[in-house]
Amino acid sequence: MVAINNIRYATTRAVPTQKESLRPQTHYDLFPSSLPSGAPPSGSFHINPVSLRKEFLQLQAKAHPDRHQGIDKAKAEAASARINDAYRTLLNPLARARYLLSLRGVEMSEDESIAGSTSDSGEGMDADLLMEVMEVREEIEAAGSKEEVEGMKAENNERKKASEDRLDELFRAGDIDAAKRETVRLGYWVNVGTALADWEKIGDGRVSEHD
């Protein structure tokens, strides 16, 4: 249960223990029902989106500003924003990975994780990964039908799943350096997914014009 007057302590108890009061709150603490084990390594990197959304809606209903007045309304607005930010971050695997890295003192910008390199040329990247990404992008550019793109989407979803499974292993093991590298990899596959979605928006029309 999240109290508006004390959202810092997302706990099922009305009064936090001394240990809880000294521990910095994380996004995971806001969702004790759907994420009872907390963040890795005690909990899993994987999250059940259905359970998370259910608890999110319950929390937002309690924190809705229209249910409060005066100073409590301002607190409710802040609580609602806090809950919303935590939900969006945890729901997205790439944002979740970046957040978990930040909890361990590793700051990784959105641009860095999406671009996945330290320079436009790909300097600092794994050479095999760079080659694989380039090949996939060439395949997208050469795609001539929705069926081809659907197949590419299925393959890319498998890549993202494998990357998320690997992140689960790495965060549980506490291998933060490897987790950062895997977050870069996941960022590339997310980017490929965006490219595939863009093809679906404009590519089929482009192909039809040349039929």
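A contact here means that heavy atoms lie within 4.5 Å. By that criterion, among contacts between residues at least 6 apart in sequence, 64% join residues at least 24 apart. The model is predicted, and its chain holds eight helices and zero strands.

**Overall fold**
- The elements run α-α-α-α-α-α-α-α from the N terminus on.
- Of the 211 residues in the chain, 40% are buried.
- The chain exposes about 12200 Å², and carbon and sulfur atoms supply 50% of that area.

**Nonpolar core**
- The largest nonpolar core has 43 residues, of which Tyr-28, Phe-31, Ile-140 and Phe-171 touch the most other members.
- Two or more residues of this core come from each of H2, H3 (70–91), H4 (93–103), H6 (127–142), H7 (146–173) and H8.
- Helix H8 gives the most to the core, with 11 residues.
- In soluble globular proteins, nonpolar side chains tend to be buried together.

**The Pro-40 to Pro-41 bond**
- The peptide bond from Pro-40 to Pro-41 is cis, with omega near 15°.
- Most peptide bonds are trans.
- Pro-41 lies in the loop between helix H1 (18–22) and helix H2 (49–63).
- Beyond residues up to four places away in sequence, Phe-171 touches both Pro-40 and Pro-41, and its other contacts include Phe-45, Leu-100 and Ala-179.

**Glu-182**
- Glu-182 lies in helix H8 (residues 176–209).
- Because its relative accessible area is 11%, under the 20% cut-off, Glu-182 counts as buried.
- Leaving aside residues up to four places away in sequence, Glu-182 touches Ser-163, Arg-166, Leu-167 and Leu-170.

Note on methods. Residues are numbered from 1 along each chain as its sequence is written. This is a predicted model: local features need pLDDT of at least 70, side-chain atom pairs count only at pLDDT 80 or more; totals for chains, interfaces and linings use all residues. Side-chain values use heavy atoms; hydrogens and water are left out. Helices (H or I, at least four residues) and strands (E, at least two) are DSSP runs, numbered from the N terminus. Buried means under 20% relative accessible area, exposed over 50%, partly exposed in between (1.4 Å probe, protein chains only). A nonpolar core is a set of buried Ala, Val, Leu, Ile, Met, Phe, Trp, Tyr and Cys residues joined through side-chain atoms within 4.5 Å. Accessible areas come from the Shrake-Rupley method with a 1.4 Å probe; for residues, only the protein chains shown count as cover.
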